[in-house]
Amino acid sequence: MLNLLMVFLMNGIDYEVSLLRDLVEIDTDVMKKAGYSDCASLIKEKMKELGLKVEVFDPNLADGIKRPSVIGTLDVGSDTTIGFVTHYDVVPPGEGWTKPPFRLTLDDGKAYGRGAADDKSAIAASLGAVNIVRDNARFNIKIIASPEEEIGGEWGIGYLMRMIGINFDFGIIVDSMPNIVSIGASGIVQGEIKVVGKQGHAGYPHRAINPVHELSKLINEFEKFIKLREGKLSSADAPPGSPKKKVWGRLSFTMLGGGIKENVIPSEAWTRFDMRLLPEEDPEVAKKEMLEFFESVKNVIKGFATISFKGTDRGYLTSPTNRFVKSFVESTKIVFGSPLPLAASLGGDDGRFLADRGIPVVSYGTIAEDTNFHGVDEYVHLKDLKNVRDVFVNFIKRN
Ligand SMILES: [Zn+2]
């Protein structure tokens with residue numbers, strides 16, 4: 001019975017599974033970066049076999065480590081080019097695997113291995129689509145396979161977008177889920193609130209101002225601001241399973257510190273926060289609102305409170321009425337019988353590198369929620385590999 005199931009599932013995805021096997025066997029651990037060149041060479045060869053024009057870009061950083069990004073182009077003479085963005089680096093395997101992380105194991109409709117889902121199956125699905133549709137493509141295609149995504153993408157897709165100026169008319173970040181089409185991601189504002197009190201002996205609290213106690217009062221006050229943020233709703237839907245229908249504003253205090261010894265009331269205490277914005281929200285406006293709230297409550301405490309902002313990342317939102325988005329959703333309908341829902345991500349994603357350049361972008365891919373990506377025994381469902389490839393095939397064929 002299991003064997004029959006395997007035969008059924010493997011039907012029509014031999015090319016993809018064989019490519020995935022070759023890719024998984026190269027350890028492209030983002031921390032070691034040792035397999036980058038070998039993996040890039042493999043991808044380059046596979047692209048050439050499909051008749052793509054191949055270019056390789058390396059930022060040539062001072063550390064001497066190679067970080068090759070491979071771009072394969074199918075030029076059918078269209079005035080429109082679609083970009084498929086993938087990454088070949090992986091996170092370290094970690095301990096506790098029951099299957100070898102750098103060998104593809106097929107079992108019960110799944111293919112196991114580090115990167116089997118995130119994100120080597122994306123390379124297999126994208127090249128697999130071109131393999132099928134090459135002679136019927138309506139658009140020019142660019143398939144990008146970069147390293148460094150797992151540490152932020154600055155020297156992978158970021159380098160290609162910002163410094164090389166790679167361009168296309170519509171992008172698909174093939175590094176996402178198979179059951180929704182993501183059209184945006186939340187922005188981020190991070191920072192710190194610090195309270196300075198007056199240091200003293202814990203036996204004599206009346207002579208000190210305890211910043212730990214005062215900071216906790218301040219954090220309590222921020223519950224009102226968190227409620228306020230929660231009331232802000234995006235025009236974009238939240239992913240299925242979220243507590244709200246639309247993407248909403250979020251604020252979390254995520255780090256806490258202060259003090260040197262149990263019997264010393266410290267002079268300072270601090271907390272750090274992570275505020276998630278609506279995809280379409282301006283980070284500067286969000287910062288200003290938080291600052292104003294802080295100013296309105298900082299005097300409820302003794303001692304002296306300050307706020308500072310650190311990391312900021314703008315979110316993005318692609319219009320659901322964009323013609324490529326509509327066509328992409330139609331392609332999912334052909335494969336699944338009904339169109340997949342559009343939603344914006346609660347986290348961030350690499351679409352920002354494209355959105356920054358004004359390129360409309362969606363995220364879609366083979367990484368289902370249950371695939372243990374970044375965990376032990378990572379796998380991809382073979383049916384997802386096939387479906388995602390087929391969505392791409394239909395999209396490339398459509399006008
Ligand atoms: Zn990924």
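This report walks through the fold of one predicted chain, from its overall layout down to a few local spots.

The model is predicted, with local features needing pLDDT of at least 70 and side-chain atom pairs counting only at pLDDT 80 or more, while totals for chains, interfaces and linings use all residues. Residues are numbered from 1 along each chain as its sequence is written.

**The whole chain**

The C-alpha atoms fill a box of roughly 80 × 50 × 45 Å, taken along the principal axes. There are 10 helices and 20 strands; these are DSSP runs numbered from the N terminus, helices being H or I of at least four residues and strands E of at least two. Of the 399 residues, 43% count as buried, where buried takes 20 or more other C-beta atoms within 10 Å of a residue's own, exposed 12 or fewer, and partly exposed in between, with C-beta atoms placed from the backbone. Among contacts between residues at least 6 apart in sequence, 77% join residues at least 24 apart; a contact here is two C-beta atoms, placed from the backbone, within 7 Å.

**Two domains**

The chain splits into domain 1 (2-185 + 315-397) and domain 2 (188-313), with bounds from an automatic or database domain assignment. Their centres, taken over C-alpha atoms, are 37 Å apart. Domain 1 brings 15 residues to the contact and domain 2 brings 16.

By class, the domain 1 side has 10 nonpolar, four polar and one charged residues. Nonpolar covers Ala, Val, Leu, Ile, Met, Phe, Trp, Tyr, Cys and Pro, charged covers Asp, Glu, Lys and Arg, and the others, Gly among them, are polar.

**Helix 2 against helix 4**

Helix 2 (residues 14-24) packs on helix 4 (residues 120-133) at about 145°, their axes 9 Å apart. Axes are lines fitted to C-alpha atoms, for helices over the stretch in contact, and angles run from 0 to 180 degrees between N-to-C directions. From helix 2 the contact includes L19, L20 and L23, and from helix 4 it includes I123, A124 and L127. The class count for this contact is nine nonpolar, three polar and two charged residues.

I26 counts as buried because it has 21 C-beta neighbours inside 10 Å. Leaving out residues up to four places away in sequence, I26 touches G35, D38, C39 and L42. I26 and D38 are 12 residues apart in sequence, with 7.3 Å between their C-alpha atoms.

Three strands form an open antiparallel sheet in the order 4-5-20; strands pair if DSSP finds at least two bridges between them. Strand 4 (105-107) and strand 20 (379-381) are the edges. Strand 5 (residues 110-112) joins strand 20 over three bridges, and A111 has V380 as its bridge partner in strand 20. Helix 10 (residues 382-397) lies across strand 5 and strand 20, at about 60° to strand 20.

**Helix 5**

In helix 5 (residues 157-164), I157, Y159, L160 and M161 are buried. Their cover includes strand 1 (53-57), strand 6 (140-146) and helix 9 (351-355). Just after helix 5, G165 takes a positive phi of about 75°.
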